[in-house]
Amino acid sequence: MNRRKTVVTAVIGIVAVAVLALLVLRFHAEQQKVLAQIDDEQAQQMADLTAVQTQQPDSAEPGQNDEPTPESEPEPAPGPYADRPDIDITQWQYRLVNTEHLLDGSYAPEMTTLEGGHMFDARAADALKDFIAGARAEGLSVYMVSTYRSYETQKYLFDRKLSEKLAGGLGQDAAYAAAARIVAIPGTSEHQTGLAADITDQHYAYMNESLEDTALFQWMQAHCAEYGFIVRFPKEKQDVTGIMYEPWHFRYVGQEAAQYIMDNGLCLEEFVALYDEPGQNTAQAEPGV
């Protein structure tokens with residue numbers, strides 16, 4: 001009897017343990033399921049948050065939440081004559097001579113003798129010879145009136161003209177001013193540079209404004225830049241140069257500068273002023289060359 005009782009008790013104990021084990025396993029399974037669900041919800045929340053941060057809201061106002069775009073500085077508009085030649089304006093061929101830019105008595109460049117015994121700066125003599133030859137090739141009659149004049153020669157010419165005015169009854173100041181309107185004051189004449197040439201038609205007797213009507217001047221004005229020369233004292237620039245219109249006076253400045261000056265209707269004073277520092281003024285010359 002006791003033996004049966006002991007067996008029954010043992011069986012009941014085994015069943016109780018088995019039931020308890022099943023309850024524990026079930027509890028553990030439920031707990032894992034809940035934790036997995038929590039992990040899934042948290043992962044979805046993180047994904048939703050990331051999408052919100054990276055997605056542009058469709059309902060945003062234009063420009064809202066946008067970083068301001070920096071405004072670019074406008075490029076300055078090019079000024080007049082921005083295409084001027086890239087040159088060194090201090091070179092010998094660009095030298096400006098007038099009453100504001102004088103040559104002293106010692107200035108004398110190396111010279112070459114041309115036809116008729118005329119002297120010209122050796123560095124530009126070939127250009128002058130080619131210029132004249134080009135005109136003659138067109139059947140034009142060329143005569144060189146004057147080229148290089150020394151300071152002493154210019155002084156002689158000026159003093160002679162001054163004496164004429166004094167002899168005519170003018171006072172010293174009036175005579176000086178009158179002479180200076182006709183003959184350049186020594187040191188202010190371009191002829192002393194050896195880069196200026198007075199050229200006329202051999203068969204035309206007058207050196208005045210009417211020379212512009214000759215075929216020679218019209219060809220030379222149209223083609224002078226090809227040889228490096230300019231019409232030094234244009235008709236429309238008398239208020240700048242201070243010199244009367246001289247359709248016979250040609251000045252060497254080199255081909256690049258000459259082409260730019262003639263194409264843009266400049267005089268040498270205006271061309272040189274293009275290379276001045278801001279605030280400087282173009283020098284103006286007094287009458288008389």
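Predicted model: local features only at pLDDT ≥ 70, side-chain atom pairs only at ≥ 80, totals over all residues.
## Val231 and its partner strand

Let's start with a pair of residues: Val231 stands opposite Phe250, which belongs to strand 6. Strand 5 and strand 6 (residues 249–252) run antiparallel, and three bridges join them.

Stepping back, we find an open sheet of four strands, in the order 3-4-6-5, with antiparallel pairing. Which strands stand at the edges? They are strand 3 and strand 5 (229–231); each has a single partner strand, so one side of each is left without a neighbour in the sheet. From one strand to the next, the twist averages 40 degrees.

## A patch on the surface

Now follow the sheet to strand 3 (residues 142–146), where Val145 is found. Val145 counts as partly exposed because its relative accessibility is 31%. Together with Tyr143 and Met207, Val145 forms a nonpolar patch on the surface. The accessible area of these three residues together is about 260 Å².

## A buried histidine

Our last stop is His191, in the loop between helix 4 (172–180) and strand 4 (196–201). Is His191 buried or exposed? His191 counts as buried, because its relative accessibility is 0%. Its side chain has a polar atom 2.6 Å from the backbone oxygen of Thr147.

Key: Residues numbered from 1 in each chain as written. Heavy atoms only, no water. Patch = residues over 30% accessible without salt bridge, like charges linked within 9 Å, V, L, I, M, F, W, Y side chains within 5 Å. Areas by Shrake-Rupley, 256 points an atom, 1.4 Å probe, with all protein chains shown as cover. Salt bridge = Lys/Arg side-chain N within 4 Å of Asp/Glu carboxyl O. Helix = DSSP H or I, 4+ residues; strand = E, 2+ residues; numbered from the N terminus. Buried < 20%, exposed > 50% of the residue type's maximum accessible area, 1.4 Å probe, protein only. Polar contact = N/O pair within 3.5 Å; in protein donor to acceptor, adjacent residues only side chain to side chain. Pairing = 2+ DSSP bridges. Axes fitted to C-alpha atoms, helices over the stretch in contact; angles between N-to-C directions.
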